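Hello,

Here is the structure I promised to pass on. Please open it first; my notes follow.

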Amino acid sequence: MPLPSSALRKTLTVALGAVTLLTSACATESTYRPATGHGFERSGYSDRQIEDNRFQVSFSGNSYTSRDTVEKYLLYRAAELTLQRGYDYFIFADRDVDHRSRVYSTPSVGGGYGFGGYWGPSWRYRGRGFGWRTWDPFFGDPFFDRGVDIDTIDKYEANAEIIVGKGPKPRDNIKAFDARDVIHNLGPSIVTPK
């Protein structure tokens, strides 16, 4: 027996709400955890020892993670690593934040090389409010790409080289941090996986 139209609408509304909830749950900032993934898909922290008291530390965020959060997680990881190794303070010897971008188009038409993925004449132009667009004579309509969505995804990765030490931090070095103070002050804002 078919569902009445009002029952069908309610069922579809509930299903759409569930899908939206599941999709939005996946679209969150990186959490503070060891790194997973490779290349552009990498997210989390990693470190390696260079000398007895020198380490390389990094934190990569996903495409929803702000630069500020990536830098905060790097600082937290440096402090955590310092204490784990039995030291009291760390000094940034070098610190940098990389910004990487990727551009995606959906749906892709013709594989980007003309008709059927083969080479063919085509022109690219920038449309106001639409980003880069393409005109290809094999498709006839010069505005065939109205359904193409161009997205740029930005990611940040913070990297640092730290030198760790014991005792009070050097007061005359502005790049020196007391690891316990960093953990105490940043700890409440660090989001870990559930």
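Start with Thr31. Leaving out residues up to four places away in sequence, Thr31 touches Phe59, Tyr73, Val191, Thr192 and Pro193. Please keep in mind that this is a predicted model. Thr31 sits in the loop between helix H1 (5-26) and strand E1 (44-51). Its relative accessibility is 18%, under the 20% cut-off, so Thr31 counts as buried.

One of those partners deserves a look from the other side. Thr192 is found in the segment after H3. Thr192 has 41% relative accessibility, so it counts as partly exposed. Apart from neighbours within four places in sequence, Thr192 is in contact with Thr31 and Tyr32. Thr192 and Ser30 are 162 residues apart in sequence, yet their C-alpha atoms are 8.8 Å apart in space.

Now the overall layout. The protein chain has three helices and seven strands. From the N terminus on, the order is α-β-β-α-β-β-β-β-β-α. The chain has 194 residues, and 28% of them are buried. Take the contacts between residues at least 6 apart in sequence: 68% of these join residues at least 24 apart.

H2 covers residues 67-84, which makes 18 residues. At 1.5 Å a residue, H2 should span 26 Å, and its end C-alpha atoms are 26 Å apart, so the two values agree. Which residues of H2 are buried? They are Thr69, Val70, Tyr73, Leu74, Leu75, Tyr76, Arg77, Ala78, Ala79, Glu80, Leu81 and Thr82. Note that Arg77 and Glu80 are among them. Just after H2, Gly86 takes a positive phi of about 85°.

- Leu81 lies in helix H2. Its relative accessible area is 2%, so Leu81 is buried. Not counting residues up to four places away in sequence, Leu81 touches Asp47, Phe55, Val57 and Ile162. Leu81 and Val57 are 24 residues apart in sequence and 8.9 Å apart in space, C-alpha to C-alpha.
- Thr82 also lies in helix H2. With a relative accessible area of 0%, Thr82 is buried. Setting aside neighbours within four places in sequence, Thr82 is in contact with Tyr87, Asp88, Tyr89, Phe90, Ile162, Val164 and Ala179.

Then the packing of H2 on H3. Two packed helices are described by the angle between their axes and the distance between the axes. For H2 and helix H3 (residues 179-186), the angle is about 135° and the axes are 8 Å apart. H2 and H3 are therefore oblique to each other. Their crossing is left-handed. Which residues meet there? H2 brings Lys72, Leu75, Tyr76, Ala79, Glu80, Thr82 and Leu83. H3 brings Ala179, Arg180, Val182, Ile183 and Leu186. By type, the residues of this contact divide into eight nonpolar, one polar and three charged.

- Lys175 is found in the loop between strand E6 (149-165) and strand E7 (176-178). At 45% relative accessibility, Lys175 counts as partly exposed. Leaving aside neighbours within four places in sequence, Lys175 is in contact with Phe90, Ile91 and Phe92. Lys175 and Phe90 lie 85 residues apart in sequence, and their C-alpha atoms are 8.3 Å apart.
- Asp154 lies in strand E6. Its relative accessibility is 33%, so Asp154 counts as partly exposed. Not counting residues up to four places away in sequence, Asp154 touches Asn62, Ser63, His99, Arg100 and Ser101. Asp154 and Phe40 are 114 residues apart along the chain, with their C-alpha atoms separated by 9.9 Å.

After that, go back to Thr31 and its partners, Thr192 among them.

Best wishes

Methods
Residues numbered from 1 in each chain as written. Predicted model: local features only at pLDDT ≥ 70, side-chain atom pairs only at ≥ 80, totals over all residues. Heavy atoms only, no water. Helix = DSSP H or I, 4+ residues; strand = E, 2+ residues; numbered from the N terminus. Expected span 1.5 Å × (residues − 1). Buried < 20%, exposed > 50% of the residue type's maximum accessible area, 1.4 Å probe, protein only. Axes fitted to C-alpha atoms, helices over the stretch in contact; angles between N-to-C directions. Parallel < 35°, antiparallel > 145°, perpendicular 65-115°, else oblique. Left-handed = near helix turned anticlockwise from the far one by under 90°. Contact = heavy atoms within 4.5 Å. Nonpolar A, V, L, I, M, F, W, Y, C, P; charged D, E, K, R; others polar.
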